[in-house]
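My entries follow in the order I made them.

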Amino acid sequence: MTIRVLLVDDQPLLRTGFRLILEAEPDLTVVGEAGDGKAAQDQSRALLPDVVLMDIRMPGVDGIEATRRIVREAAGGAHVPRVLVLTTFDLDEYIVEALRAGASGFLLKDVPPDELVQAIRVVAAGDAIVAPSVTRRLLDRFGRHLPSVQRQSTPARLDRLTERELEVLRLIARGMSNAEIAAELVVSETTVKTHVGNVLTKLGLRDRVQAVILAYETGLTTPGALP
């Protein structure tokens, strides 16, 4: 099965580089390119990509708003593109906003080609990319200063979770994989997968990315918390 990718970046040279990397893979094809968020929304609607590789900083409609529009427009439809956000980290303080807008994960722009390819495959399969070290650095550095986090007032519904599920959610928020959580709790990875699924279902979350954000927004874990 071929994964259809839409490239969104305001720098043509970067789009060309990504295209060369992706089209060298037998299971990936670039179906289109866009240089701003509005064009990305239009292209996504017309081309029905499986994955949108989305830059954050672009003229006009930025990547955060474009992600929000693409995800909202596709919600409930037969085809829902997955958005994988790219960031330079030091410049993009509001990457968390993109995740909250519906992105399935994020990568740094200097990601090695093989990791970029694998991330696209993972996202296309319906999973989320949460790079543990980058997630920690982003949330620790910016978590206290994001305006929408400070204004957040939606009930967390954490009382729906068992004590073990709360513990699993805390470990997810620390960027740990299922295997790492299993080792931490001394249980099987299958058991961890069951707990993760219960957490997402009970809290009405789409994936692990949203679980990380919710854990920080509700104070279940905080920036700077030690692993």
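**Record first.** UniProt positions are given here in the numbering used for this model, feature names are shortened, and annotations may be inferred rather than shown by experiment. I note that this is a predicted model: local features need pLDDT of at least 70, side-chain atom pairs count only at pLDDT 80 or more, and totals for chains, interfaces and linings use all residues. Residues are numbered from 1 along each chain as its sequence is written, and side-chain values use heavy atoms, with hydrogens and water left out.

I looked up the annotated site. An unreviewed UniProt entry places "modified residue: 4-aspartylphosphate" at Asp-55. I find Asp-55 in strand S3. Helices (H or I, at least four residues) and strands (E, at least two) are DSSP runs, numbered from the N terminus. Is Asp-55 buried or exposed? Asp-55 counts as buried, at 3% relative accessibility. The cut-offs for relative accessible area are under 20% for buried, over 50% for exposed, and partly exposed in between (1.4 Å probe, protein chains only). Leaving aside neighbours within four places in sequence, I list Val-8, Asp-9, Asp-10, Gly-63, Leu-86 and Lys-109 as contacts of Asp-55. Contact means heavy atoms within 4.5 Å.

Leu-14 sits in helix H1 (residues 12-22). Its relative accessible area is 29%, so Leu-14 is partly exposed. Leu-14 touches Asp-9 and Lys-109, not counting residues up to four places away in sequence.
Gly-35 lies in the loop between strand S2 (28-34) and helix H2 (37-47). Gly-35 is partly exposed, at 28% relative accessibility. With residues up to four places away left out, Gly-35 touches Asp-9, Asp-10, Arg-15, Met-58 and Pro-59.

**The sheet.** I traced an open sheet of five strands, in the order S2-S1-S3-S4-S5, with parallel pairing. Two strands pair if DSSP finds at least two bridges between them. S2 and strand S5 (105-108) stand at the edges with a single partner strand each, so one side of each has no neighbour in the sheet. The twist averages 25° from one strand to the next. Strand S1 (residues 3-8) runs parallel to S2, and six bridges join them. Ile-3 has Leu-28 of S2 as its bridge partner. Helix H3 (residues 63-74) packs on the sheet and touches strand S3 (51-55) and strand S4 (82-87); the direction of H3 makes about 155° with that of S3. Axes are lines fitted to C-alpha atoms, for helices over the stretch in contact, and angles run from 0 to 180 degrees between N-to-C directions.

**H9 on H10.** At what angle do the axes of H9 and helix H10 (residues 189-203) cross? I read roughly 110°, with the axes coming within 8 Å. H9 and H10 are therefore roughly perpendicular (65 to 115 degrees; under 35 is roughly parallel, over 145 roughly antiparallel, the rest oblique). H9 brings Asn-178, Ala-179, Ile-181 and Ala-182 to the contact, and H10 brings Glu-189, Val-192, Lys-193 and Val-196.

**Asn-178.** I ended on one residue of that contact. Asn-178 is in helix H9 (residues 178-185). Asn-178 counts as buried, at 16% relative accessibility. Beyond neighbours within four places in sequence, its contacts include Arg-208.
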